[in-house]
Amino acid sequence: MAAKTFSKTKIKKGKPSTKSNTKKQTKLKTTSSGIELSKSFFNPKNPLPVVYQPNSTTQKSKQTLIQWIKTNKRALTDDLKQYGAILFRGFEIISPQDFEEVILNIDSNLKNNYLGTSPRNQVTKYIFTATELPSAYPIMQHAEMSFLDSPPKKLFFYCGKAPGKFGETPITDLRKVLKEIPIHIREKFEKEKIRYSRVYNGPSNQSRFQFWKTKRWDEMFQTKDKNEVEKTSKKQNFKVEWFGKDDLRLVNTTLAIRKHPESNTLAWHNHSQVFHIDAARKEYWKIFVRQKTIRGFLVAVTLEILTFIKK
């Protein structure tokens with residue numbers, strides 16, 4: 001949910017879009033141009049996401065899905081507004097190139113100028129890996145690039161290879177999150193907004209293995225020209241601060257709560273819980289409680305120690 005009409009795409013390696021348990025589905029059917037797909041929900045009481053699946057093996061092909069999308073764009077738009085997310089499951093989308101072809105039929109106005117913080121690798125023209133951070137590192141719930149004045153309107157995910165266990169990628173209804181936030185906290189964020197201060201290493205720093213490391217600024221802006229960086233930053237209302245050898249600090253203030261441009265519903269829409277120094281360690285203790293693995297315990301303890309040192 002955002003205010004700018006462009007889309008971003010990401011490919012997630014080894015992480016499914018949601019849980020694979022479909023026992024609680026309430027099945028409906030949708031028909032268009034002779035193609036009938038199954039429309040269902042994991043939990044009818046919490047219909048996020050709505051799930052579309054083929055009814056037979058003859059409907060699994062990429063071309064069948066593309067044809068169905070072309071003739072059901074209005075229905076997909078309505079579903080997205082109502083439920084917040086759509087999951088296509090069980091189709092023969094076997095490569096990032098297939099994925100890109102499918103989503104271009106959903107939204108042809110894709111962009112590949114990623115101004116986010118997570119280190120990513122570009123796979124195709126519009127497809128990036130979700131992150132190159134260590135696999136054990138938790139990524140908290142967030143709205144994509146919500147620190148921008150005009151964040152993406154749509155986001156697409158693709159699971160190239162599902163893990164044998166764990167690896168869940170939960171999705172969250174940020175409209176409901178906002179309703180659960182105490183009113184005095186909500187009012188403070190609405191009044192004062194939220195200020196971000198992000199630090200990026202420069203081209204001289206080639207190391208990528210740090211728990212708190214984001215991508216370098218030359219990777220994010222796709223240039224080593226500081227003047228070009230400053231021009232782009234000005235368009236995004238970023239205050240630029242150069243320091244050290246070639247390090248960069250970007251500072252900006254933007255909305256913490258946003259209104260949907262079409263439905264006018266409000267949502268908690270910021271990166272406060274992601275960028276907070278305590279976020280990773282607290283999140284991983286929750287992961288450990290759920291998974292109960294030795295590895296989870298060791299990672300949680302490591303993050304606890306590293307956070308203490310960083311403070």
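Biologist: In which helix do Asp78 and Arg74 both lie?

Modeller: The model is predicted. In it, Asp78 and Arg74 are four residues apart, about one turn of the helix. Their side chains meet in a salt bridge, at 3.7 Å from N to O. The element that holds both residues, spanning residues 73-83, is helix H2.

Biologist: Is Arg74 buried or exposed?

Modeller: The cut-off for an exposed residue is a relative accessible area over 50%. Asp78, at 35% relative accessibility, counts as partly exposed. Arg74 has 65% relative accessibility, and therefore counts as exposed.

Biologist: With which residue does Glu241 form a salt bridge?

Modeller: Glu241 is partly exposed, its relative accessible area being 24%. The closest N and O atoms of the pair are 3.7 Å apart, and the partner of Glu241 is Lys239.

Biologist: Which residues do salt bridges that share partners join into one network?

Modeller: A salt bridge requires a side-chain nitrogen of Lys or Arg within 4 Å of a carboxyl oxygen of Asp or Glu. Through shared partners, such bridges form one network of Lys62, Asp98 and Glu101.

Biologist: How many salt bridges does the structure hold?

Modeller: The pairs discussed above include Asp78 with Arg74 and Arg175 with Asp173. For the structure, the number of salt bridges is 17.

Conventions. Residues numbered from 1 in each chain as written. Predicted model: local features only at pLDDT ≥ 70, side-chain atom pairs only at ≥ 80, totals over all residues. Heavy atoms only, no water. Helix = DSSP H or I, 4+ residues; strand = E, 2+ residues; numbered from the N terminus. Buried < 20%, exposed > 50% of the residue type's maximum accessible area, 1.4 Å probe, protein only.
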